[in-house]
Amino acid sequence: MERILKKVVVYIEEPDETLKRQTGEMAEGLRREGLCVELPEVLGNASGQKAEMSEERAGVVLYLTDKADFAISLAENGLPVLGLLHDRNRQESFGGVQFLIEGAEDITADYLERVYRRCVGLPWEIMETKSCILRETTEEDLDAFYRIYAEPSITRYMENLFEDREKERAYIAQYREKIYGFYGFGIWTVLLKETEEIIGRAGLDMRAGFEEPELGFLIGVPWQGRGFAQEICEAILFYAKAALEFTQVQAMVEPENDVSLMLLDKLGFTPVGEYVQRDITYLRLLREL
């Protein structure tokens, strides 16, 4: 994922020796990873200052602070902020602050990049395969999706997009907030690496009533038959285990969908039963990770 974040500004109020050591080690690590880190030892009067967006700071800075009222002020003014919890502030309310972390030991540049992107509404790049890139979906993907879904075979076994594009746009915006923001994963956009054109969608979703995430995949007709679906799904299954720590993944497929069933068989999925939703019977398949 291309790094956009350039600077981390740290405000710690009267840190004890443990917190001084943790934040100092964190700062050294972040600098080694190429981030500029401002590390005032004590917050001082910063909490009394008005948090303002400036051209110099907008788009490049993430604030890290253990001071709840200062963090809230930053968030209310549209500035990206990460709240730092420790033994002496755990009872304070950080209401309105989207991200909180316990202690400073595990903070990395990649983690801060993801926090920053979520705060300013930019998509996460999830992974690269040999041929493809998977990233979070944005509203700008709509035109490509409508071209892909215009092929009748695409919607034979799955729901179509909303006929009204503004409804689909609103759905994507809500999905980004409620699904990506809550779970940290979902159905992502698939791009062909060599051209950066959108060729489909794939990822993991949660179906009501089930504990296992569900694998979903779609490749547009012009790019089918080139092995992209298998390549992407194998990478997603690896990510589900290595990054998300799932132990099982399920798939739901209509019995007539021979192409998807063949792929799932190659991926190591095993039929475990049937599932009926809205008068449609699906085969339920499971893969141990």
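## Notebook: loops, rings and a cavity

I began with a loop. Asp279 sits in the loop that joins strand E12 (270-277) to strand E13 (280-288). I looked up its backbone: phi of Asp279 is near 65°, a positive value, and the residue is not a glycine. Buried or exposed, I asked of Asp279? Asp279 counts as exposed, at 78% relative accessibility. I note here that this is a predicted model.

**Entry: another positive phi**

I then turned to Glu245. It lies in the loop between helix H6 (228-242) and strand E11 (248-253). Phi of Glu245 is near 60°, again a positive value in a residue other than glycine. Its relative accessibility is 65%, so Glu245 counts as exposed.

**Entry: the whole chain**

I stepped back to see the chain. I found 7 helices and 13 strands in it. The C-alpha trace spans about 65 × 35 × 35 Å along its principal axes. The chain has 289 residues, and buried residues make up 47% of them.

**Entry: Val10**

Val10 has its place in strand E1 (residues 7-11). Its relative accessible area is 0%, so Val10 is buried. I also checked Val10 against Pro40. In sequence Val10 and Pro40 are 30 residues apart, yet in space they are 6.6 Å apart, C-alpha to C-alpha.

**Entry: aromatic rings**

Rings came next. A pair of aromatic rings is described by the distance of the centres and the angle of the planes. How many aromatic pairs are there? I noted 10 aromatic pairs. One of them is Tyr171 with Tyr175, a tilted pair with 6.0 Å from centre to centre and 40° between the planes. Tyr171 counts as partly exposed, at 37% relative accessibility. Tyr175 is buried, with a relative accessible area of 12%.

I took up Tyr183 and Phe185 next. Their ring centres are 5.4 Å apart and their planes stand at 45°, so I wrote this pair down as tilted. Tyr183 counts as partly exposed, at 37% relative accessibility. Phe185 is buried, and its relative accessible area is 5%.

I also traced a cluster. Ring pairs link Phe162, Tyr171, Tyr175 and Tyr180 into it.

**Entry: arginines over rings**

Which rings have an arginine over the face, I asked of Arg201 and Arg207? Arg201 lies over the face of Phe145, 4.1 Å from the ring centre. Arg207 lies over the face of Tyr282, 5.6 Å from the ring centre.

**Entry: the cavity**

Rolling a probe the size of a water molecule over the atoms shows where empty space is left. A search of the whole structure turned up 1 cavity of 30 Å³ or more. The largest cavity has a volume of about 40 Å³. Which residues line the largest cavity? I listed Thr137, Tyr171, Ile172, Tyr175, Tyr180, Ile187 and Arg201. Helix H5 gives the largest share of this lining, 4 residues. By type, the lining of the largest cavity divides into 5 nonpolar residues, 1 polar and 1 charged.

Some names came back from earlier entries. Tyr171, Tyr175 and Tyr180 belong to the ring cluster, and they also line the largest cavity. Arg201, which lies over the face of Phe145, is in the lining too.

**Entry: cysteines**

A disulfide is a covalent bond between the sulfur atoms of two cysteines. How many disulfides does the structure hold? I counted 0 disulfides. For a disulfide the sulfur atoms have to be within 2.5 Å. Cys36 is partly exposed, with a relative accessible area of 38%. Cys119 also counts as partly exposed, at 28% relative accessibility.

Terms used: Residues are numbered from 1 along each chain as its sequence is written. This is a predicted model: local features need pLDDT of at least 70, side-chain atom pairs count only at pLDDT 80 or more; totals for chains, interfaces and linings use all residues. Side-chain values use heavy atoms; hydrogens and water are left out. Rings of Phe, Tyr and Trp (its six-membered ring) pair if their centres lie within 6.5 Å; planes under 30 degrees apart count as stacked, over 60 as edge-to-face and the rest as tilted. Buried means under 20% relative accessible area, exposed over 50%, partly exposed in between (1.4 Å probe, protein chains only). A charge sits over a ring if NZ of Lys or CZ of Arg is within 6 Å of the ring centre and within 35 degrees of the ring normal. On a 1 Å grid over the protein atoms alone, a cavity is a set of points where a 1.4 Å probe fits but cannot get out, and a pocket is an open set with protein on both sides within 12 Å along at least five of seven lines; lining residues have an atom within 4 Å of a point. Grid points are joined across faces, edges and corners, and a volume is the space filled by probe spheres set on the points. Helices (H or I, at least four residues) and strands (E, at least two) are DSSP runs, numbered from the N terminus. Ala, Val, Leu, Ile, Met, Phe, Trp, Tyr, Cys and Pro count as nonpolar, Asp, Glu, Lys and Arg as charged, and the others, Gly among them, as polar.
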